[in-house]
Amino acid sequence: MANIDFNQKKGFICDMDGVIYHGNIVLPGVKEFIDWLNRENKQYLFLTNNSSLTPRELQQKLARLGLDVSEEHFYTSALATAAFLKEQAPGCSVYAIGEAGLTHALYEVGCTMNEVNPDYVVVGEAKSYSLETLTKATNLVMAGAKLIGANSDVSGPIEHGIMPACRALVAPIEMATGVQAYFCGKPNPLMMRTGLKLLGCHSAEAVMIGDRMDTDIISGLETGMSTVLVLSGVSTRETLKTYAYRPTVVLDGVGDIPKMAALAGE
């Protein structure tokens with residue numbers, strides 16, 4: 001397997017769940033990794049497919065876990081979805097099933113909420129998800145609204161197992177209407193390109209770090225970045241064997257990065 005000289009890289013795009021934390025527990029080596037990014041003046045972005053939290057809420061979540069990261073270092077699939085709609089249909093109306101992270105992002109780009117005849121039905125992770133909201137979404141799509149999913153994650157890790165994520169929540173609407181959703185989060189290259197633009201980096205100067213082969217590693221690979229698979233989340237060395245592509249390097253966790261950078265710098 002190839003190697004990466006982390007000292008030479010300018011930008012770091014990093015997944016959160018399974019990389020930085022598990023639920024409300026910080027993973028080993030994370031503080032050292034963030035300290036290293038700051039000390040070495042690296043550009044970095046925490047990129048999450050979870051659409052339910054705003055960047056400020058993510059910043060506060062990390063602060064509660066003892067990590068000091070300012071708001072501009074976060075980019076979510078909700079922001080990617082809002083950016084896509086702003087580009088495609090400025091000022092459009094939406095029926096949204098999702099949490100504050102999604103609705104806030106949509107409001108910020110000038111979308112209006114509309115339960116009668118919206119241009120788009122937008123689905124993210126949502127506690128308000130019910131047969132009632134599903135039925136409404138289904139009929140709005142049948143009436144011509146375009147169907148958008150914040151991300152294509154089928155499931156996400158929770159403390160005692162997994163929970164259905166956005167792709168699974170959109171599936172009933174797709175099946176009932178025969179309409180396929182368009183997904184804006186990872187591994188959509190649009191989200192990755194926006195991330196690189198926010199960092200002011202070229203893909204060759206950047207690294208994608210994540211715990212999932214099917215979203216993090218594929219999106220880094222297809223955008224032309226070096227990729228790091230960490231084994232602190234859902235993937236194991238066995239998982240690697242089921243994919244036709246490989247990450248640039250496999251590490252136990254992000255805490256290995258400053259150690260490798262120190263060795264390379266000697």
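Colleague: How should I read the packing of helix H1 against helix H10, and at roughly what angle do their axes cross?

Modeller: Two packed helices are described by the angle between their axes and the distance between the axes. Here the axes of H1 (residues 30-39) and H10 (residues 256-265) come within 7 Å and cross at roughly 50 degrees. That makes H1 oblique to H10 (under 35 degrees is roughly parallel, over 145 roughly antiparallel, 65 to 115 roughly perpendicular, and the rest oblique). The axes are lines fitted to C-alpha atoms, for helices over the stretch in contact, with angles from 0 to 180 degrees between N-to-C directions. Helices (H or I, at least four residues) and strands (E, at least two) are DSSP runs numbered from the N terminus.

This is a predicted model, in which local features need pLDDT of at least 70 and side-chain atom pairs count only at pLDDT 80 or more, while totals for chains, interfaces and linings use all residues. Residues are numbered from 1 along each chain as its sequence is written, and side-chain values use heavy atoms, leaving out hydrogens and water.

Colleague: Which residues make the contact of H1 with H10?

Modeller: H1 brings Glu32, Phe33 and Trp36, and H10 brings Ile257, Pro258 and Ala261 (contact means heavy atoms within 4.5 Å). By class, 5 of these are nonpolar, none polar and 1 charged (Ala, Val, Leu, Ile, Met, Phe, Trp, Tyr, Cys and Pro count as nonpolar, Asp, Glu, Lys and Arg as charged, and the others, Gly among them, as polar).

Colleague: Now the pockets: how much space lies in the largest pocket?

Modeller: Rolling a probe the size of a water molecule over the atoms shows where empty space is left. In this model the largest pocket holds about 990 Å³. Its lining has 36 residues, with Asp17, Asn50, Ser52, Pro157 and Met163 nearest the centre. Two or more lining residues come from each of strand S2 (21-22), H2, strand S10 (155-158), strand S11 (161-164) and helix H8 (213-223). The lining divides into 12 nonpolar, 10 polar and 14 charged residues. A pocket is an open set of points on a 1 Å grid over the protein atoms alone, where a 1.4 Å probe fits, with protein on both sides within 12 Å along at least five of seven lines; lining residues have an atom within 4 Å of a point. Points are joined across faces, edges and corners, and the volume is the space filled by probe spheres set on them.

Colleague: H8 came up there; how many of its residues are buried?

Modeller: H8 is mostly covered, with 8 of its 11 residues buried (buried is under 20% relative accessible area, exposed over 50%, partly exposed in between, with a 1.4 Å probe and protein chains only). Among the buried residues are Met213, Ile217 and Ile218. Their cover includes H7, strand S13 (206-210), strand S14 (226-230) and helix H9 (237-240).

Colleague: And the backbone: what is the phi of asparagine 41?

Modeller: Most residues other than glycine have a negative phi, and most peptide bonds are trans. Asparagine 41, though not a glycine, has a positive phi of about 55 degrees. It sits in the loop between H1 and strand S4 (43-48), and counts as exposed because its relative accessibility is 64%. Glycine 224, which follows H8, also has a positive phi, near 90 degrees.

Colleague: Which peptide bond is cis?

Modeller: The bond from lysine 186 to proline 187 is cis, with omega near 5 degrees. Proline 187 lies in the loop between strand S12 (182-183) and H7.
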